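Dear colleague,

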Amino acid sequence: MSFLKNHPFAVEAHFKSTIVLTYALPKTQLEGLLPKCLTLDAHNDEWAFIAVALVQTENLRPKGFPKFMGNDFFLAGYRIFVRYTTNAGKSLRGLYILKSETDKKKMAFFGNIFTHYNYTATDIKLSETDENINIYSNKSDLAIELSKNENAHLPKGSVFEDWNTARRFAGPLPFTFTYNELNNEVTIIEGVRQNWIPKPIEVIKAEIGFIKQDKFKGAILANAFVNENIPYYWKKGKTEIWKSI
């Protein structure tokens, strides 16, 4: 039954909003977290990145099913920016998932049946005022405050020279990869999106329990972007035996 985890059917949803905070670390600090089939997608051959994605998801359902059969939930996902070379020699840029959190136990249950995304249920909440967006979770040690100021600057100490460079690491990327070490199989999941226009957002506060772990010590907030009103779907996963080049 392990094949069920390989994203066996296409899925669609609507993203009411997706906020991504990207953290930079030296390449050497993240290399040990990847399976052997993946390499880091680095900036200036020095910095590697973890994306913290915070997504208000609506009407998640198998592609083609009516909206009323979908589920709404909030997602917090922690992913590394990576590259994978297929057996056909094509280089793909995407994400490797470390952990996923959701406010719905139902989503965590079915997410762990049909994906390798490592879901857990938590108490995450989002609230808004005219000026700010707040995201909070006691269980996940999460407290984020964002300003709706349209003149956002890069975070202090960012490794990026400008927003144009930072946008390359705005996430999510077109592909997500999982690796089954037992079978030496890589599953490639392609996402297809519309209305993808990342806008810089100002981070007032970002306390993120996952990033506080010792293995991410010294992580630097490198950028923060928001997208809104995004139709999105994931194609059925494709699996291939990994062949070392």
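This is a predicted model: local features need pLDDT of at least 70, side-chain atom pairs count only at pLDDT 80 or more; totals for chains, interfaces and linings use all residues.

Two or more lining residues come from each of strand E1 (11-26), strand E3 (47-62), strand E4 (71-85), strand E5 (91-102), helix H2 (105-114), strand E10 (175-180), strand E11 (185-193) and strand E14 (220-234), and E3 gives the largest share, with seven residues. Sorted by class, the residues of this lining are 28 nonpolar, nine polar and five charged.

The second largest pocket holds about 220 Å³ of space, and the residues that line it are Glu128, Ile133, Ser147, Lys148, Asn149, Glu150, Lys199, Pro200, Ile201, Val226 and Glu228. Strand E12 (199-200) and E14 each supply at least two residues of that lining, which by class has four nonpolar, two polar and five charged residues.

**Aromatic rings**

Counting rings of Phe, Tyr and Trp as paired if their centres lie within 6.5 Å, the model has 13 aromatic pairs. One of them joins Tyr84 and Phe177, whose ring centres are 5.6 Å apart and whose planes meet at 50 degrees, so the pair is tilted; that angle falls between the limits of under 30 degrees for stacked and over 60 for edge-to-face. Because Tyr84 lies in strand E4 and Phe177 in strand E10, this pair ties together parts that are 93 residues apart in sequence. Both partners fall below the cut-off for buried, which is under 20% relative accessible area: Tyr84 is buried at 0%, and Phe177 is buried at 1%.

A further tilted pair is formed by Phe210 and Phe216, with 5.4 Å from centre to centre and 35 degrees between the planes, and Phe210 and Phe216 are likewise buried. Elsewhere, ring pairs link Phe49, Phe81, Phe160 and Phe169 into a cluster.

**Charges over rings**

One member of that cluster, Phe169, also has a charged group placed over its ring, namely the charged end of Arg93, at 4.9 Å from the ring centre. In another such arrangement, the charged end of Lys63 sits over the ring of Tyr233, at 4.1 Å from the centre of that ring.

With best wishes

Notes:
Residues are numbered from 1 along each chain as its sequence is written. Side-chain values use heavy atoms; hydrogens and water are left out. Helices (H or I, at least four residues) and strands (E, at least two) are DSSP runs, numbered from the N terminus. Ala, Val, Leu, Ile, Met, Phe, Trp, Tyr, Cys and Pro count as nonpolar, Asp, Glu, Lys and Arg as charged, and the others, Gly among them, as polar. On a 1 Å grid over the protein atoms alone, a cavity is a set of points where a 1.4 Å probe fits but cannot get out, and a pocket is an open set with protein on both sides within 12 Å along at least five of seven lines; lining residues have an atom within 4 Å of a point. Grid points are joined across faces, edges and corners, and a volume is the space filled by probe spheres set on the points. Rings of Phe, Tyr and Trp (its six-membered ring) pair if their centres lie within 6.5 Å; planes under 30 degrees apart count as stacked, over 60 as edge-to-face and the rest as tilted. Buried means under 20% relative accessible area, exposed over 50%, partly exposed in between (1.4 Å probe, protein chains only). A charge sits over a ring if NZ of Lys or CZ of Arg is within 6 Å of the ring centre and within 35 degrees of the ring normal.
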